[in-house]
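Thanks for making time this morning.

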Amino acid sequence: MEETSREAVATAVQRVAGMLQRSDQLDKVEQYRRREARKKASVEARLKAAIQSQLDGVRTGLTQLHSALLDVKDIQSSLADVSKDWKQSINTIENLKDVKDAVVQHSQLASAVENLKNIFSVPEIVAQTQQLIEQAELLQAHRKLMELECSRDDLMYEQYRMDSKNTSDMNLISIYFEDVQGLSDELAKQLWMVLQRSMLTVRRDPTMLVSVVRIIEREEKIDRRMVDRKKQTGFIPPGRPKRWKDKMFEVLEGTVSTRIEGTQAVTREADKMWLVRLLEITRKYVLDDLIVVKNLMVQCFPPHYNTFNRFFSLYHCAVSTRVKELASEDLEANEIVSLLTWVLNTYKSVEMMGHPELSSECDINQLEPLLPQDVVDDLLSKYIKTFTSNITGWLRKALETDKKDWQKDTEPEADQDGFYQTTLPAIVFQMFEQNLQVAAQIDGDFKEQVLKLCLKQMNTFLIRYREEAVAYKEEHMRDRQLPQCYVQYMIAIINNCQTFKESINSLKRKYSQSSQPTDSDAAIERTLNEVAKEGCQFLLDEVFLDLEHHLNELLTRKWLTGSHAVDTICVTVEDYFNDFNKIKKPFNQEMTNEALRRVVAEYIKAVMQKRITFKNADERREGAERMIKEADQFKFLFRKLAAGEDTDRLCGAITAIAEVFKLTDPTLLFLEVTTLVSKYPDIREDHIQALLAVRGDASREMRQMIIGTLSENKVSYTGTAQSIFKDITVPTITMTTMTTMTSMATAKLLK
């Protein structure tokens, strides 16, 4: 209390201090005192009222407790009286057992009397029910069956209540009603038969299906009622619960499975396209059936059955099971692709489960995959293995067929631009195209995998192609008369390389998602270039074999006195290039340039072989003029053949050598040779010595001076321009050669 008083005083002091903060507030002290007095009186009045209310409540509670105590005492006295009366009446209750038994017996007799009519008419009702079942009057038959079962179940229940251990009476009732269970089974068979033909029934007579569903629903209600009674009494009639609803769904599931399994009409032995036909029939059946379910069957079942989704799931499971069975068989490569294309693409497309009429009722994205991913991977792996084996055989067979064409006596076919070609590229890439189109139907990653495999096999095939081209050339070299169209087919081989390049690029653009070149691309490009360049080289070898005799006449005495060797060379080259015009770009241009280089090289090689040594200035002049004229012939010819920009430079090498021979003042020979070396820095010292030897008037000292000075001021060869002297060798005179030449000279003198 003291602490409360102190807190009250402190609060009052604080309030007074807050009221009297300014001097002008002292005039209102009396006013403040009266206001605080009113507040105090008001608080005291509310406090008194609250205390009075609490006291009234306590008084009322005490009164009620006193009253309750009196009531408890009265009840206790009454319970004592009841207990006394109950103990006195035990003997009387035991004497009422006979009355209880009489009541139970009366109840049973009443039930028997009530079912007496039905009991006596059981055989008649059984016969009627059997007849109704045979007539497919299923609803009426079920009504009769329920009457029979109700009579039987009521009698059994009363017997169970009276004496549950009396099995003889129970057996007597069961024997009397034994036909009822048979009728139930017979009716169930009819129901399952209708459900098995539900797709046909719902089109022809939907009321029959509705009747079946109504019967099953009735039985479900009876099952639930009997199960509930068993929980209360422990009794359940024989044959219950029937669970016809569960059986109905089992029958429908079996019907769907049978529908899917029965789609295979032919086998692989009878029709190579058996799987395609099977999958198409399955697609059509599933789609047609689900549309029937959506438009007709849903109306025959209660909404809570969720009929469409249930059938949708049943068909999906049945198809999945069937597809797994097919996947486990020993499928061929084309069958694997057909199956995977159908599973991965067709199944969820608008042609089947994604059909517009079905999409509004279900979400195909919620469907589980028809095949597990590991099964799909196994099938793809098996296909790749089979495809690799097949494509190797196909390529080998295509090459063998092409090789046979190389031996023909007729020229190969020409394309629309007149270029020779064989059917090999078309066959190969038609094969690739077909398999890539099939692979693209599965998915993009598999398409890329097949494309890489095709390119890998292509590289291996091209190596074999190159070997066969070399063997073709070697066979021709053994007998140049055969094959008769060797040149034309070698041109076709070269053109095939360009066609292969174009076809590969076309395949990559069409089927590859990546534009980056790969190692396989580089290997294929390299092999094709090698095959084409070797083919061009083989053709030029053919040309120069025909020119060999005429090339050997160059820079000889016969050539100096008058020879048509160069005329023949030009005519022969031009004649061959009439066929070589059938070579595609860029190989035709490369071949023309190579032919020019080889002609000039052979000409210069003839100079370096020192077949002639000019005896005097007239011979040097005559020989030089002839060389300049022949260089102009070569230049005219190869310009006509559309050779490259090096034509003038290469032919100019012959002219430059001729200028060295044509020079009349030996003192200026060093300057002329220096000019030659500056134009053609790849010329070597042995080349200069050979030229001076052919010239015939250069003394030993002059040759040494020229060679020595050139060595001191040697011009470095950068290799930017096409070399001409680099690959030309100068023959050296060995002891054997010297002996041979001496013998020949001696024999000539003796002669």
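Which residues does Asp223 touch, not counting residues up to four places away in sequence? The answer is Arg240, Pro241, Lys242 and Arg243, where a contact means heavy atoms within 4.5 Å. Asp223 itself is found in helix α11, which covers residues 206-233, and at 5% relative accessibility Asp223 counts as buried. Buried here means under 20% relative accessible area, exposed means over 50%, and partly exposed is in between, with a 1.4 Å probe and protein chains only.

Before going further, the conditions: this is a predicted model, in which local features need pLDDT of at least 70, side-chain atom pairs count only at pLDDT 80 or more, and totals for chains, interfaces and linings use all residues. Residues are numbered from 1 along each chain as its sequence is written, and side-chain values use heavy atoms, with hydrogens and water left out.

Now the chain as a whole. The chain has 30 helices and 0 strands, both being DSSP runs numbered from the N terminus, with helices taken as H or I of at least four residues and strands as E of at least two. The radius of gyration is 58 Å, well over the 27 Å that the globule rule gives for 751 residues, so the chain is more spread out than a compact globule; the radius is taken over C-alpha atoms, and the rule is 2.2 Å times the number of residues to the power 0.38. Taken along the principal axes, the C-alpha atoms fill a box of roughly 180 × 120 × 45 Å. Of the 751 residues, 41% count as buried, and among contacts with a separation of 6 or more, residues 24 or more positions apart account for 76%.

On confidence, the chain averages a pLDDT of 85, and 93% of the residues score at least 70, pLDDT being the predictor's confidence in each residue, from 0 to 100. Over residues 734-751, however, the pLDDT is below 50, and beyond near neighbours in sequence this stretch has 1 contact in the model. Where pLDDT is low, the predicted coordinates should not be read in detail.

Leu424 is found in helix α18, residues 424-440, and has a relative accessible area of 1%. Leaving out residues up to four places away in sequence, Leu424 touches Ala398, Leu399, Asp402, Phe461, Tyr465 and Phe500.

Finally, some backbone details in the loops. The peptide bond from Leu482 to Pro483 is cis, with omega near -15 degrees, and Pro483 lies in the loop between α19 (444-478) and α20 (486-511). Another cis peptide bond joins Lys585 and Pro586, with omega about 0 degrees, and Pro586 lies in the loop between α23 (565-580) and α24 (587-608).

Which phi values, then, deserve a look? Asn306, although not a glycine, has a positive phi of about 50 degrees; Asn306 sits in the loop between α13 (274-295) and α14 (307-327) and counts as partly exposed at 42% relative accessibility. Leu555, also a residue other than glycine, has a positive phi near 55 degrees; Leu555 lies in the loop between α21 (519-553) and α22 (557-562), and at 0% relative accessibility Leu555 counts as buried.
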